[in-house]
Amino acid sequence: MFDYHFSKSLVDQLLSYAGNSYTLKKGRILFEQGEPLSKLIVVRSGTVSFSYDVGNGRRLLLGQLDCSNTLLGEVEALNDRPCIYSVTAQCDLVYNLVELKYWREMLQKQPELALHTAKSIAEKFIENQQINLNKLLLPLSFNIAKDCLARFQDETVTMLRPYPTVSAEAERFATTERAYRRVVSDLVEQGLVQRTEQGLKPLDEDKLEDFIEGFASR
C-alpha cells in the first residue's frame with residue numbers, strides 16, 4: 001500500500017483495465033483496516049490519510065499522501081490479507097477500481113514489472129521499519145527532530161506529509177497531545193526548531209543535526 005513510485009508503465013497498463021471513475025467525498029473511507037480487498041485502487045487525484053487503530057481508543061496516523069494515478073492495495077493484492085491500514089479521503093478524490101486478476105496476470109507475464117514492484121515494496125518497508133523502530137526505541141524529542149530535519153532536507157520523495165493540527169501530529173508520533181506540545185516547546189526553547197504555518201522547520205540546521213546525532217552516543 002505504501003509505495004508511491006510504481007513504474008508509469010505498470011499504472012498505465014492497469015488503467016487500461018479500469019472501468020468507470022468514481023468520486024469519494026472528503027472524510028469518507030476508501031478502504032478500511034481489517035476488511036478484505038477485492039480490487040486494486042488507482043487514485044487519479046486527491047489526498048488520502050493512512051491510519052491504524054488498535055481498538056482501545058488509540059490510533060496511529062501515518063501521514064497524508066497527495067495522489068496522482070497512485071496505486072493503493074498492492075501489498076494486500078499480493079498476499080490475500082485484509083487491509084493493513086484505513087485510508088481516508090482528505091478531500092474529494094477521483095479513483096478507479098481494477099480487478100486483482102489483471103494485476104497478477106500482468107506481473108506473471110512481465111518479470112521486469114514484477115521485479116520493480118518487489119523492489120519498490122521492499123524499499124518502502126525498510127523505510128517504514130526504520131521510522132517505527134526509532135519511535136519504539138528512541139525518545140519523542142529525537143523522532144520529532146528527525147522528522148523535522150528530514151522534511152527540510154527532502155531526503156525522500158515518498159515521505160508522507162504531516163497534518164495541520166497538533167492533535168493529529170501527536171497521533172502521528174503515537175503520543176498524547178500534551179506530550180507532543182511539551183517536546184515541541186522544548187525544541188523551540190533550545191533554538192532547534194520553529195513553528196510555522198507549514199509546520200515545524202529547523203531554526204539552525206547544523207545544531208539540529210548535532211542534537212539528533214547526539215542520541216547515538218548516549
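A search of the whole structure finds 0 disulfides, a disulfide being a pair of cysteine sulfur atoms within 2.5 Å. The sulfur of C67 is too far for a bond, because the closest cysteine sulfur, in C91, lies 8.6 Å away. This is a predicted model: local features need pLDDT of at least 70, side-chain atom pairs count only at pLDDT 80 or more, and totals for chains, interfaces and linings use all residues. Residues are numbered from 1 along each chain as its sequence is written, and side-chain values use heavy atoms, with hydrogens and water left out.

**Cysteines**

- C67 is buried, at 7% relative accessibility. Buried means under 20% relative accessible area, exposed means over 50%, and partly exposed lies in between (1.4 Å probe, protein chains only).
- C148 is buried too, with a relative accessible area of 3%.

**Helix α3 and its buried face**

- Helix α3 covers residues 100-109. Helices (H or I, at least four residues) and strands (E, at least two) are DSSP runs, numbered from the N terminus.
- Four residues of α3 are buried: L100, W103, M106 and L107.
- Seen down the helix axis, these buried residues fall within an arc of 130 degrees, so they line one face of α3. The arc is that of the directions from the helix axis to the C-beta atoms.
- An α-helix has 3.6 residues a turn, so residues three or four places apart point the same way.
- The face of α3 turned away from the buried side carries the exposed residues Q108 and K109.
- The cover over the buried residues of α3 includes α1 (8-15), β3 (39-53), β4 (59-72), α2 (74-79), β6 (93-99) and α4.

**How α3 packs on α4**

- Two packed helices are described by the angle between their axes and the distance between the axes.
- α3 packs against α4 (residues 111-137) at an angle of about 110 degrees, with the axes 5 Å apart. Axes are lines fitted to C-alpha atoms, for helices over the stretch in contact, and angles run from 0 to 180 degrees between N-to-C directions.
- α3 and α4 are therefore roughly perpendicular. Angles of 65 to 115 degrees count as roughly perpendicular, under 35 as roughly parallel, over 145 as roughly antiparallel, and the rest as oblique.
- W103, M106, L107 and K109 in α3 meet P111, L113, A114 and T117 in α4. Contact means heavy atoms within 4.5 Å.
- By class, this contact has 6 nonpolar, 1 polar and 1 charged residues. Ala, Val, Leu, Ile, Met, Phe, Trp, Tyr, Cys and Pro count as nonpolar, Asp, Glu, Lys and Arg as charged, and the others, Gly among them, as polar.

**Positive phi**

- Most residues other than glycine have a negative phi.
- N69 has a positive phi, near 55 degrees, and is not a glycine. N69 sits in strand β4 and is partly exposed, at 29% relative accessibility.
- A174 also has a positive phi, of about 55 degrees, and is not a glycine. A174 lies in the loop between α6 (166-172) and α7 (177-189). Its relative accessible area is 42%, partly exposed.

**Two residues and their neighbours**

- R58 is in the loop between β3 and β4. Not counting residues up to four places away in sequence, R58 touches Y52, D53, A174 and T175.
- N143 is in helix α5 (residues 140-153) and is buried, at 9% relative accessibility. Not counting residues up to four places away in sequence, N143 touches I131, N134, K135, L138 and F173.
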